[in-house]
Amino acid sequence: MTLRQQFLAGMSFAACTVNIVTTDGPAGRYGLTVSAMTSVSADTATPTLLICVNSNSAAAQAIIDNGVFCVNVLRDDQFYISECFASRVKTEDGDKFSCGDWGRGATGAPRLIDSLVTFECRVMSSQRVGSHLVVFGSVDTIFSADEGSPLIYAKRAYGTASPIDIRPRGEIAATTLRLGAFHTFGPYVIPGIVESLAAEEGGVTLELVEGDQRRVLDSLRNGDVDVALVYDIAVGKGFHIERLAALSPYVLLPERHPLANHAAVSLVDLVDEPLILLDAPPSGDYFLSLFTEQNLSPNVRFRISSFEMVRGMVGRGLGYALLATKPASGLSYEGRALTARPLTDETEPSHIALVTRHGDAPKPAVKAFAERCRLLFAAG
């Protein structure tokens with residue numbers, strides 16, 4: 001591995017906010033997703049920050065020519081806007097700016113109305129370093145939301161900040177269920193179990209961490225949660241794994257796709273079709289491995305970390321998806337009909353698993369949750 005490759009791999013562990021940098025003026029209106037943004041000083045004549053923009057992008061020269069830019073720091077539920085401005089997802093009209101609501105401040109650069117915070121800036125200076133343009137901006141105006149958490153990008157995946165529980169474990173009530181859940185199947189399992197636990201005398205207090213496998217297992221490893229409901233894939237050492245149920249992959253298609261008329265679909269049928277890949281670890285690697293085992297190479301059109309975003313893309317006819325969790329509704333969020341079909345290929349199923357740390361003595365709330373999970377999946 002070259003030093004450059006080592007640098008890129010190492011920097012992937014450096015968490016950063018996700019920002020949409022915009023500009024407008026004589027050189028035109030532009031916007032792009034930027035992760036390299038940081039404070040320089042609050043003690044200059046006006047506060048100063050810097051951004052790093054790929055010098056080959058059209059926005060780079062426009063920022064210099066317009067002399068202004070706006071840094072829009074995204075909330076943790078605005079990853080779709082990041083995907084649009086990174087050109088990984090296209091809006092219906094082809095205009096990136098139609099994915100959000102924009103205002104215009106003193107500098108004239110577009111400001112995302114509901115971002116976490118925006119910094120309207122005027123260009124102070126710039127310097128080209130390798131492939132990027134480093135732009136220093138003096139901050140004119142700041143708009144801050146009253147609440148919310150930033151969208152974080154690290155280890156080549158989106159995430160969000162969450163407080164670390166520094167209470168001594170003895171201070172956490174025995175009736176508190178500190179639970180981590182994989183974000184695709186968690187909503188179809190946890191509400192019913194929590195309802196039954198809450199109905200018991202004394203009830204239960206829920207502290208929930210949702211996310212992809214990496215985030216949930218990190219929370220379990222760090223002691224932020226006591227038990228996790230995840231896939232049994234790439235769990236790692238130091239954990240006790242109890243398999244609860246097998247999930248076989250299936251194909252999700254738009255209602256009017258030609259393959260929707262088939263009773264079942266093979267991977268060979270799909271290989272040339274555009275794939276909307278659920279790329280939330282470990283789902284992306286698992287679904288791609290199904291093709292690899294058949295010596296096939298899928299046509300990946302989009303990589304999306306959100307389960308419902310994948311379903312929405314399929315509903316719009318942008319491609320098909322491979323999924324394991326099957327919601328009760330056959331509609332996307334916006335009401336478009338979806339069709340699920342089994343695979344004809346023999347595939348290795350994934351398993352939902354109950355995971356705890358080795359050596360932990362389970363609290364009553366964890367024992368009660370685990371028992372209800374066993375009953376639920378045994379009945380299913």
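This is a predicted model: local features need pLDDT of at least 70, side-chain atom pairs count only at pLDDT 80 or more; totals for chains, interfaces and linings use all residues.
1. Helices (H or I, at least four residues) and strands (E, at least two) are DSSP runs, numbered from the N terminus.

2. Residues are numbered from 1 along each chain as its sequence is written, and side-chain values use heavy atoms, with hydrogens and water left out.

3. Threonine 22 has a relative accessible area of 0%, so it counts as buried (under 20%; exposed is over 50%, partly exposed in between; 1.4 Å probe, protein chains only). Beyond residues up to four places away in sequence, threonine 22 touches Tyr30, Phe69, Trp102 and Pro110, among others; contact means heavy atoms within 4.5 Å. A polar atom of the threonine 22 side chain lies 2.5 Å from the backbone oxygen of proline 110.

4. Strand E2 also belongs to an open sheet of seven strands, in the order E3-E2-E6-E9-E10-E5-E4, with antiparallel pairing. Two strands pair if DSSP finds at least two bridges between them. At the edges are strand E3 (30–34) and strand E4 (37–41).

5. Within this sheet, do look at E9 (residues 117–129) and E10 (residues 132–144), an antiparallel pair with 12 bridges. Valine 123 has glycine 137 in E10 as its bridge partner.

Methods. A polar contact is a pair of N or O atoms within 3.5 Å; within protein, one must be able to donate a hydrogen and the other to accept it, and residues adjacent in sequence count only if both atoms are side-chain atoms.
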